[in-house]
Amino acid sequence: VRAIPDGVYEASSFLDNDGKDFTKTVPIHVKVEVRDDELTIDFSEVSDQVPGFINCGSSGGMAAARVAFKALTSPHREVNEGSFRALNVVLPPGKLLSARRPAPIGGWSLSLPTVLDTIFRALAPALPERIPAAHKGDMGGYAIFGTHPKTGRRYVCQNIMGGGWGGRPFEDGESASVSMCQGDVKNTPIELQELYYPLLFGCHALRTDSGGAGKFRGGIGVEVKVKPLHDVYVSRSTDRIQCPPWGLLGGDEGMTNLTLIRRDGKEEKLPGKFSHLLARPGETVTFLTAGGGGYGDPSERNSTAVRRDLALGYVSKEHAEQDYPAIFCRDA
């Protein structure tokens, strides 16, 4: 902590909505104060608890502060109570991160990746050589459920999807990775899902152009296409669609989460949070996850890295020419 310059650092972001009122965003404002060998994370200006289901108890808010602090101060050491002795957390009751009964908390984890991103954003001016751009900022998953037509048994196919992490001061962001709050969580291969459930997966692939441009590109999100073999219901709860993963020091923002359904020859964009959407045989549901923000001025990106991105399909030629025009001018 002593290596961080003393000062008060602040940053803001927001969640798209609380899952109940889709017309209002939910503000996230974080203040970080560094004094000698102590660091204080102040959540006093985070939104008050909301009517929707995205509140969490104070343990969630404390966990977000601790994860951010551990990542900044001793990421490679074991975790014990001493790891957090230099951390102070200000978390008044009745906030989004410290809700009181009877606030609904079914989606308690939804806000935490964005809170972590915002803490890091606050400290970026003090630690530009260590802080990455924003990551996908979403817990990322889907649920598909129904009654199996062969067995007559009810089932739930539930899985998580990775996305892009932000570009870093020294390298590109990780691709197809779960959020900072899910470090030890694994997904289930789509081949295994097809064995268990009456579903046909068209692809589980990297999402071209989803990572933000920069000296170091944001990580790539994923694309998952699924076709039901009988009537099913689909649910997905995502955020950060109106607040894309931001870039740092001139880097561009990453693409946001998106869900599409194709039926009757037309493709329809679905809201970020929806439940019990009926999908029928012949229809296709596409889940797209966000890419990470870019780090640094795109004009400073190594031309070899751009050509490699093109060859691997991380970036399309159209986007590469748009995002890195100086490199294409030099090559011409």
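What follows is a short walk through this structure, from a sheet and its helices to some charged side chains. The structure is a predicted model, in which local features need pLDDT of at least 70 and side-chain atom pairs count only at pLDDT 80 or more, while totals for chains, interfaces and linings use all residues. Residues are numbered from 1 along each chain as its sequence is written, and side-chain values use heavy atoms, with hydrogens and water left out.

Four strands, in the order 1-2-3-4, form an open sheet with mixed pairing; strands here are DSSP runs of E with at least two residues, helices are runs of H or I with at least four, and both are numbered from the N terminus. Two strands pair if DSSP finds at least two bridges between them. At the edges you will find strand 1 (7–15) and strand 4 (87–90), each of which pairs on one side only. From one strand to the next, the twist averages 15°. Strand 1 and strand 2 (residues 26–35) run antiparallel and are joined by 9 bridges. To find your way along them, look for Ser12, whose bridge partner in strand 2 is His29.

Helix 1 (residues 58–73) lies across strand 3 (38–42) and strand 4, and runs at about 150° to strand 4.

Next come the charged side chains. Side chains of opposite charge can pair when their charged atoms come close. A search of the whole structure finds 16 salt bridges, each being a side-chain nitrogen of Lys or Arg within 4 Å of a carboxyl oxygen of Asp or Glu. One of them joins Asp231 and Arg280, at 2.7 Å from N to O. Asp231 sits in the loop between strand 8 and strand 9 (232–237) and Arg280 in the loop between strand 12 (273–279) and strand 13 (284–288), so this pair ties together parts that are 49 residues apart in sequence. Asp231 is partly exposed, at 35% relative accessible area, and Arg280 is partly exposed at 39%; buried means under 20%, exposed over 50% and partly exposed in between, with a 1.4 Å probe and protein chains only.

Asp239 and Lys273 also meet in a salt bridge, at 2.7 Å from N to O. Asp239 lies in the loop between strand 9 and strand 10 (258–263) and Lys273 in strand 12, 34 residues apart. Here Asp239 is buried at 0%, and Lys273 is buried at 8%. Arg301 and Asp309 form another salt bridge, at 3.0 Å, with Arg301 buried at 3% and Asp309 buried at 1%. Salt bridges that share partners join Asp172, Arg217, Arg301 and Asp309 into one network.

Finally, visit Asp209, in the loop between strand 7 (199–206) and strand 8 (222–228). Asp209 is buried yet has no salt bridge, and the nearest side chain of opposite charge, Arg207, is 8.8 Å away. Which backbone nitrogen lies 2.7 Å from a polar atom of the Asp209 side chain? That nitrogen belongs to Ser316. Leaving aside neighbours within four places in sequence, Asp209 is in contact with Met255, Tyr314, Val315, Ser316 and His319.

Note on methods:
Lys and Arg count as positive and Asp and Glu as negative; His and the chain ends are not counted. A polar contact is a pair of N or O atoms within 3.5 Å; within protein, one must be able to donate a hydrogen and the other to accept it, and residues adjacent in sequence count only if both atoms are side-chain atoms. Contact means heavy atoms within 4.5 Å. Axes are lines fitted to C-alpha atoms, for helices over the stretch in contact, and angles run from 0 to 180 degrees between N-to-C directions.
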